[in-house]
Structures are given as structure tokens and as C-alpha cells.
Amino acid sequence: MFERIDYYAGDPILGLVEKFLADENPNKINLGIGIYYDENGVMPVLDCVKTAEKRIADSISARPYLPMAGLPGHRKGCQDLLFGKDAQVLKDGLVATIATIGGSGALKIGAEFINEWFPQSKCYVSDPTWGNHIAIFEGSDVEVGKYPYYDTATGGLRFDEMIAFFATLNKDDVILLHPCCHNPTGLDLTHAQWDTVLNVIQEHELIPFMDIAYQGFGEDMDSDAYAIRKAVDMGLPLFVSNSFSKNLSLYGERVGGLSVVCPTTDEAERVFGQLNSMVRRIYSSPPSHGGHVVDIVMNDAALHEQWIGEVYAMRDRIKAMRLKLKSVLEAKIPNRNFDYITRQNGMFSFTGLTPEQVERLKSEYSIYMISNSRMCVAGLNTNNIDYVANAMADVLKD
């Protein structure tokens, strides 16, 4: 019956985790998967989340299905975070938001919506991008192409090429954008560059789809959402997928959201209905526990303020690790410029290592990262950073 089924080679990132777990070297370090670890190499449970979960546990109750769109407080938390608590676009009822199964679920529902209602549209992703972006959209029968982004020669952006490429696209083509903390490069656009991109999108009537999985890990909550809010100010229709996996450290709870900014309230109502319809036929309703945590933390003023502080502490630790890594590498290889490490934002760094050098780090030092040289900076701490930096210096010098 199943003789024709193809073998699945596995996900390259999750497969790397399996190899890491099987490695018996006591000095092994996992810099592959995008998870934040604290100074002790432990995935933290945020204090604000502990408080929220205690409130949930104190009133143990039945577990009914949630509405297809998720908890109202979860949806409101997504909207306030992305667009600003007092945003006019929210007061005017122009945003259709649903709670989703993580950021991946938001992308999936968005891709299904585009395939159904814009069947001629093609989706363009940055070169490179998070690999699952391509798989999710292609899995929804949306054709995917790539636009110029990262310059391997300079470690910078191919910005002029990117703008010229956007100008060649067809009306209603979708451009998948990373508002902050670009995955995998860590290289973000400036505000001025965002203005230029959004003007081209408006001029050619393209559809921006912004995937923000690391809000708060770049500069701050508001600055990281600059591109989203600028697009709204310009009156652009807009898709936004967001995730609470990283900034609430709720990876396994799968909590995210999809928001669609519409020109009128009537259109927003119709879009909201269609999003619900798609949820119903794919997974019926989102998870409950994580949704309640988001609801409590995002809508309790004191807990929300505590959460902001905890996110910024994570952000600052990552930035400190970037500085330390740069300084050690500069001392080891003084004739090479490592400024790109601190120019990048968020959890990831494109290290510039070749696939062969990445393989040497794994085989000789038990340091694991993705073959494209993406390193999860959040996996570094004061106990392992010298070991990692020295190993990187060794493979770079040879």
C-alpha cells in the first residue's frame, strides 16, 4: 500500500538537534536551533509567565474548545503589540486578527488565504530566508520565488538590487518581509530603507506579508514594529504573522497570531470570516493553555511591564555575547573585520563560515550550527563563548 511513499530526509535544523543529543562530547554546544538560553545554558521560564500560569492553576476548570479565532484577549494582545495600543487602525476596526498555532500556523493560514483569494499571486521571499517559509507557501500551492537580500561578499544588503527587483513584479504579488531580526542573517533594513521598500510596494500594488517572530529582540517593541506601523500609516493592505515562542519563551505551547489590515470595516469582517473558515477546516481551533497565558500577560498592566523588562534583559544578553564574540575573534585574527557580528540583530548571526568550516566545528569541536553558517547567538554564554570563539578562529585561519 505504501510502497510509493518517498523517504523524508528530515528537517535540517531539527535533524541537527538529534545529532547534538547523540554527541557524547561533554563540551558540545548547540548553536543551531533558534531557542533562547540564559547565562546558564537553560531555557528560561519567564517570571510573568509563572504568575500567569499560577492564576490559571488556581482556578482549575473545564477545557472547552476555544473559538475558531482564539481568545479575544489573545487577539487583542497581538493587535496592541503589533500596531500600538491606541492605534487608529484598531479603533476603526480595520484589522482582522486570529490566534494561531504559533507563527507557523499564522503563515499557513495566510498562505491558504492567498491561494484561495489571490490564486494568480506569487510569493517572493528573501534570499536567504527561514527555510520553512518556502515549504509552507509551496504546501499551500502558492508559487514561491526569491528576491535579492544578503550580499555574501560584503556581509551587507543587496538593497539596490532588491528595490529594482520589486519594481518588476506583478500587481498583487506577495512579498514576505522580516520587520526585525532577519532570519537567518540578522541583517535588518534601516527605517529609511523600509520607507523606500514600502513606497515601491505601494506604487506597484504589491501585497506585503510581514513575519515578525522576534519582536523586542532587535531594538525595542515599538522600533521593531516600525515597518508594520509605517505600512499601516501609508494605507497599505497588510498581512502580519507574529509568534510568542521567543519573546514569551513559550516554544512548545504554539502561540501566535495572524492579522490582516483591510481598507474598510466591511472588508475586515469578510476577511475575518474567511480566516475562521480556514481554521475550521485545518485544525478547528487554537490551543488553550498558551492562549490564556498570552491573554493574561498582554492585558495585565503590571505583568505586561514585567514582561517587557524580561524581554529586554534577553535582548541585552544577546547583544553582550555579540560584543564578546567579536572582540575575541578580532584578537585572534586581527587582519579580518568582524563588525558584521554587532551590526546584525536578534538571535541569529550569519557568521560567514563555509559549509566545510561548519562541518569542522561539528566534527572537531562538537559545536553545532546550520550549514549555511547561521549561528544562534542566544546559545552563547560566558562559560562557552571563549571555546566557540577560539574554535571559529581556528577554522577561519586554516
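Which helix supplies the largest share of the lining of the second largest pocket? Hold that thought, and keep in mind that this is a predicted model.

Okay, the largest pocket to begin with. We're looking at about 1,100 Å³ of space there. Its lining runs to 46 residues, and Asp11, Ile13, Trp130, Asn183 and Arg374 are the ones nearest the centre. Helices H1 (12-22), H5 (102-117), H6 (131-139) and H15 (355-365) each put two or more residues into that lining. H1 gives the most, with 6 residues.

Now back to my opening question. The second largest pocket holds about 490 Å³, and 23 residues line it, with Phe118, Pro237, Pro263, Glu267 and Val271 closest to its centre. The helix I asked about is H11, which brings 4 residues, the largest share. H11 covers 265-282, and at least two residues each also come from H5, helix H8 (191-203), strand S7 (238-243) and strand S8 (255-261). Class by class, that lining has 15 nonpolar, 3 polar and 5 charged residues.

Last bit: the packing. The largest nonpolar core has 107 residues, and Phe83, Leu248 and Trp307 touch the most other members. Helix H13, residues 301-332, contributes 10 residues to this core, the largest share. Take Leu248 as an example: leaving out residues up to four places away in sequence, Leu248 touches Leu46, Cys48, Val49, Val294, Val297, Met298 and Trp307.

Key
Residues numbered from 1 in each chain as written. Predicted model: local features only at pLDDT ≥ 70, side-chain atom pairs only at ≥ 80, totals over all residues. Heavy atoms only, no water. Core = buried A, V, L, I, M, F, W, Y, C linked by side-chain atoms within 4.5 Å. Buried < 20%, exposed > 50% of the residue type's maximum accessible area, 1.4 Å probe, protein only. Contact = heavy atoms within 4.5 Å. 1 Å grid on protein atoms, 1.4 Å probe; cavity = no way out; pocket = protein on both sides within 12 Å on 5 of 7 lines; lining within 4 Å. Points joined across faces, edges and corners; volume = space filled by probe spheres on them. Nonpolar A, V, L, I, M, F, W, Y, C, P; charged D, E, K, R; others polar.
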